[in-house]
Amino acid sequence: MEANIAVPTDKKDIWNGGGGKPFGASYGKMMMWYFILSDALTFSGFLAAYGLTRFKFIDTWPIADEVFTHVPFVHGDFPMIYVAIMTFILIFSSVTMVLAVDAGHQMKKNKVAWYMFATIIGGIIFVGSQAWEWNTFIKGSYGAVKTTEGKLLQFVKDGKQIALADFVIGNRTDGRVQHTKKNGLWFEEEGTIANYSVAQVIQAYNANPEIQVRTELIDLDKKQKTILSREAGSVMLARTDRVVEGANLDENEYGNTIFADAFFFITGFHGFHVVSGIAINIIIFFNVILGTYEKRGHYEMVEKVGLYWHFVDLVWVFVFTFFYLV
Amino acid sequence: MAHAHESNTKRIWIVFGILSFITIVEVYLGIIKPAALHLQGMGTSWLNWIFIILTLAKAYGIAWVFMHLEGEKKWLRRSIVWSAVFLISYLVTLFLFEGGYIFDTLSPLVKW
């Protein structure tokens, strides 16, 4: 075989409508692989950028298992449990996908259809879980205050973080109302304002001697956030100018704002992949039912969307490690 | 290829078992964070090294068995895996070094 000839003469290694198979792979399968390769590089770019940012703020980065502690329908503190369940769901839907491919090799149409169906359901459950996770993250659970120079202060009682609502009494007292188009400048809007004013929080802090202030700074010997003494806490609180509840692209009650940005960006981009994977799976599912691949004589399309679906799972394995575990 | 038409169902479930087991170990370690692994290490904590190695093991399982890289022609596999491995190692190395450098430069300027 003359591998160094640019224009093949024997039509053996050109893709003339699908006949030629370099590397023994069909055009579609090979291009799916190279698409996955480029997509993998995109995700690595995101995760590497996350790594850079985290290294840049290594002494103040939020501790993930203090951030993701909720499980739907259950009260209490369960670090990482729900993310682990989501990981299982995705791995399991990967298994049903590979079983569909396997059934396709044996030309068992009904089996392929059922496994595809299970895969789609798994994907939908995963995206739903991700949406719930986002909702919980955006709403926030504790609330914090921020100093003028952008340092975030949280509150702890007996070493455990407590919510503003647990020790600040009553509604917002400074009479501040949300700026809307109706009551203010018609061309400007304001997001939801916090439930409490800074003065109220400081007053409640002074009234409760058992409450302490926790800063973002990580104590490297214990790998835990630093808790300030009552006096040092008062000094820090005097420098605060706003209350932060929940997280968005501008503010984040869990710590560094860019942590929230990276969370939305990376899990959002992954979630987008899952959604498009579900859409493609649904199309292929209907093709299976209609007997398209039965007529074609092979189920290679199932194999190709399977590759994409496994890739989505593969990415999640890395997101799980680098966002939630490490 | 001969294996294309025989059923691999049993093997798939075994791999699923391994992947699940690894995930359980990861989550268990992530929750209890044993001090000996969490507070000491080389470069980063031992715990982080364990997480990274287990993650790579999972990725291998998914790519080789589920995505069926093991059955592809050697050079198709290499064109995919080698490209990814070399480019990503390069990218991550540069980025993490840079992040560490920015930290060394900027963090002394922040007073806590």
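On a 1 Å grid over the protein atoms alone, a pocket is an open set of points where a 1.4 Å probe fits, with protein on both sides within 12 Å along at least five of seven lines, and its lining residues have an atom within 4 Å of a point. In this predicted model, local features need pLDDT of at least 70 and side-chain atom pairs count only at pLDDT 80 or more, while totals for chains, interfaces and linings use all residues. Residues are numbered from 1 along each chain as its sequence is written, chains are lettered from A in the order in which they are written, and side-chain values use heavy atoms, with hydrogens and water left out.

The second largest pocket is lined by 23 residues, and Asp65(A), Glu66(A), Asp77(A), Gly159(A) and Arg214(A) lie nearest its centre.

The two chains also meet in an interface, where contact (heavy atoms within 4.5 Å) involves 57 residues of chain A and 56 residues of chain B. Between them the chains bury about 5,000 Å², of which 78% is on carbon and sulfur atoms; buried area is the accessible area (1.4 Å probe) that two parts lose on being put together, summed over both. Of the area that chain B buries against chain A, 16% is supplied by Phe66(B), Met67(B) and Trp112(B), more than by any other three residues.

Salt bridges (a side-chain nitrogen of Lys or Arg within 4 Å of a carboxyl oxygen of Asp or Glu) are listed below.

| Salt bridges | Value |
|---|---|
| Across the interface of chain B and chain A | 2 salt bridges |
| Glu72(B) and Lys29(A) | 3.0 Å, N to O |
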